[in-house]
Amino acid sequence: MDFADISPKLTMLVYGLVAFAVVVGGLLLLLDVVPTYFARRRERQLLAVAAGDAPAPPAGYVRKPREFGYAIFFLLPVIVLLLIGLVVPVIRTLLLSLKSGDGTEWVGLDNYGWMFSNSDILGVLWNSLLWVVLVPLVATSVGLLYAVMVDRARFEAVAKSLIFLPMAISFVGASIIWRFVYAYRGEEQDQIGLLNQIVVWLGGTPKQWLLDSPLNTLLLIVVMVWIQAGFAMVILSAAIKAIPGDIVEAARLDGVTAWQMFWRITLPSIRPALIVVIVAITVATMKIFDIVRTMTNGNYDTNVIALEMYNQAFRYQETGQGSALAVFLFILVIPIVVFQIRNLRQQREG
Amino acid sequence: MATTTPVLPGVTAEPLPKTVAGRVRKRLNTRMATVISILIAVLWTVPTFGLFISSLRPEQAIKTTGWWTFFSDPKLTLENYNEVLFGQSASSGQLANYFVNSLVITIPSVLFPVAFAAMAAYALSWIQFRGREWVYIGIFALQIVPLQMALVPLLSFFSRGVSLGGITLMPAWQLEDEQKFIQVWFAHTCFALPFAVFLLHNFVSQLPGELMEAARVDGASHPKIFRTIVLPLITPALASLTIFQFLWVWNDLLVALIFAGGGDETAPLTVRLAELAGTRGNEWQRLTSGAFVSIVIPLIVFLSLQRYFVRGLLTGSVKG
């Protein structure tokens, strides 16, 4: 690497930082200058009213437009970017899913028909279902179990950090870590993958783990569980610590057993946190892409919706079919959106 | 034994743990609980540890023996790192280049959404205007739109511009080589905003109303309140969001694949690593050290700022 390679990149970085300073600084400056103008105008109006030249404005008339003006400028960058980057693209993707691969002809629901009749795609949907069922279930269970086990234990902070650490690792990095665990060498050689070595120690024969379906999908799911369990653990652990002591005390005086305590006190008390964790992990799992792409590239029957969407839209240039897959993904998420919004509203009112 | 909890005589002589979990743990066989938690901790740590040890072993050793033999036959080398970062041949990683790309992508992709979201969160909390609730709900709902829904049209927005009924409203951006950073920043910023606004709104809306009211009475304008009162008070929240967004952008593969392309001018570490894993899946001396090059920065950030990260997670998810 020499400086000639990186200097254009650093130049771009400087441009980016200057743009940031200009946009954000400029906006705040504008917001300081414009109101001064409005304040002067209002002063003039008040003077006119005082002199009896103009009718008095109705109460609140002056205040509201000013507030609205501020709101527009404070929200402007977010609204514009969301319109360009999300709202309009979502609508266009909906339309594209009704068009042919090159986006020139309307084909009605053909792309959706293709999705549910093509046996490859049905396999993809089946795999995705497996992911969405197993990952939230296992990751949340492990997280909950661990949160309960290490609560108030010695070394609690260290123990939690160990489980939590994979959250900082990219899916690509995690995939490489686990590919190394699953690595295979012929029977006559020394194994370099931990899993095969354990099999050998136990007297079995080493195996190419990532070739056999559906076992390979399960092994990919392990990677996602490995990453998400820490997230579940942190949130649930905080929820457990927040359970009021007097409830526990009352239950204890009633002489409940540990099992009863867990099922009747702990679980109901952390229910909101549990829902949040399951929803968040489910949504993340639906969109899983990096792990499958890095581990097997979707070969050997491990493909999932998000990777197939990427392949259709960006490798085969079949934007119609790719968009249909994206829309399908979106439709799967909608019930969760509705559920979350209702939750939010209840909490705001409650 | 001293205990603060009232103990009925004859029930138990032990001090009782005060939390539910503590009691569950106590009643389940304590030794069993310890064994399970140690087992989980080991299971969660060993894969990373094995990769790390391997990245420091000579190529020949990695390829022929398991990393656990390191303890009986320790040989250490930094050659893998040197090769994967600075090696000149096309087959070596040349990761130093991609490391710079990751940095150039990440810094603006973090700054823009954090600043914009802070302003929006303030407006949605403390400026009275009609339809405020609906704007917020709208942004909140966008949070769960899968990225996949936006990728194809957003890419064509850059590469073909916008035209409506044959009239060109915006020409294609025609970004080349290093200029492609712009579209990566743009995409990351757009995709980050719904969550960023949501997270900051949780903090900003809970600031004491009397504070704003007092400032208003003193004649402070909204920008002044935003800069001098709100921003200093939400610094921890900004820190949380910054860490989130940093980890998200640094670790992202999908957005980078589509908007940065695969060339060494713009592609970040994740793209290069995925490529190495695909084409040179058995070159473990490069994959192990390469993986660690990509992991080390987020790991440092994460470990040193874990407090803020956890706080952000809790506010971001439990309250909404």
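**View 1. Asp301(A) in the loop between H12 and H13 of chain A****.** In this predicted model, Asp301(A) sits in the loop that links H12 to H13 of chain A; helices (H or I, at least four residues) are DSSP runs, as are strands (E, at least two), and they are numbered from the N terminus. Its phi is near 60 degrees, a positive value in a residue other than glycine. Asp301(A) is partly exposed, with 17 other C-beta atoms within 10 Å; a residue with 20 or more such neighbours is buried, one with 12 or fewer is exposed, and one in between is partly exposed, with C-beta atoms placed from the backbone. Asn297(A) is in the loop between helix H12 (290–295) and helix H13 (305–315) of chain A. The phi of Asn297(A) is near 55 degrees, again positive in a residue other than glycine, and Asn297(A) counts as partly exposed, with 15 C-beta neighbours inside 10 Å. Most residues other than glycine have a negative phi, and most peptide bonds are trans.

**View 2. The cis peptide bond between Ser213(A) and Pro214(A)****.** Omega of this bond is about 0 degrees. Pro214(A) belongs to the loop between helix H7 (194–201) and helix H8 (215–241) of chain A.

**View 3. Packing of H6(A) with H13(B)****.** Helix H6 (residues 171–181) of chain A and helix H13 (residues 269–279) of chain B have axes 9 Å apart and an angle of about 25 degrees; axes are lines fitted to C-alpha atoms, for helices over the stretch in contact, and angles run from 0 to 180 degrees between N-to-C directions. The two helices are therefore roughly parallel (under 35 degrees; over 145 is roughly antiparallel, 65 to 115 roughly perpendicular and the rest oblique). On the H6(A) side the contact involves Val172(A), Ser175(A), Ile176(A) and Arg179(A), and on the H13(B) side Thr270(B), Leu273(B), Ala274(B) and Ala277(B).

**View 4. The side of chain B that touches chain A****.** Here 105 residues of chain B are in contact with 105 residues of chain A (C-beta atoms, placed from the backbone, within 7 Å). Helix H5 (residues 95–126) of chain B supplies the largest share of this side, 16 residues.

**Notes.** Residues are numbered from 1 along each chain as its sequence is written, while chains are lettered from A and ligands numbered from 1 in the order in which they are written. As the model is predicted, local features need pLDDT of at least 70 and side-chain atom pairs count only at pLDDT 80 or more, whereas totals for chains, interfaces and linings use all residues.

How values were computed
Two residues are in contact if their C-beta atoms, placed from the backbone, lie within 7 Å.
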